[in-house]
Amino acid sequence: RFCGRHSLSFMSTVGLAGTAVERVEDYVTCAARWAEDRERLIETRQTLRERFAASALCDSRRFAENFLRIVQEVV
């Protein structure tokens, strides 16, 4: 579904594509792995905001330039 693809896009952009799963069983497995790896969990929590802010998702200038280019190509 769209919401799943949208979420996967966000998670991929910040380097967490491996957290996106399709089945409930896979979600449980993924969550258990994160719970067992406290160092990774702590590091991710501490850096996620910065990683997100530095990603293309928050680069409004690049987004606007690309969007304008695409609109001009279509028109």
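1. Are Phe63 and Phe67 buried or exposed? Phe63 is exposed, and Phe67 is exposed as well, where exposed means over 50% relative accessible area, buried under 20% and partly exposed in between, with a 1.4 Å probe and protein chains only.

2. The model is predicted, so local features need pLDDT of at least 70 and side-chain atom pairs count only at pLDDT 80 or more, while totals for chains, interfaces and linings use all residues. Residues are numbered from 1 along each chain as its sequence is written, and side-chain values use heavy atoms, with hydrogens and water left out.

3. The structure contains two aromatic pairs, counted when ring centres of Phe, Tyr or Trp (its six-membered ring) lie within 6.5 Å, with planes under 30 degrees apart called stacked, over 60 edge-to-face and the rest tilted. The pair of Phe10 and Phe52 is tilted, because the ring centres are 6.1 Å apart and the planes stand at 55°. Phe10 belongs to helix H1 (residues 2-13) and Phe52 to helix H3 (residues 38-54), so this pair ties together parts that are 42 residues apart in sequence; helices are DSSP runs (H or I, at least four residues), numbered from the N terminus. Phe10 counts as partly exposed at 31% relative accessibility, and Phe52 counts as partly exposed at 32%.

4. Phe63 and Phe67 form a stacked aromatic pair, at 5.9 Å centre to centre and with 10° between the planes. Because they are four residues apart in helix H4 (residues 60-74), Phe63 and Phe67 are separated by about one helical turn.

5. The charged end of Arg40 sits over the ring of Trp34, 4.0 Å from its centre, a term that requires CZ of Arg or NZ of Lys within 6 Å of the ring centre and within 35 degrees of the ring normal.

Technical notes. Helix = DSSP H or I, 4+ residues; strand = E, 2+ residues; numbered from the N terminus.
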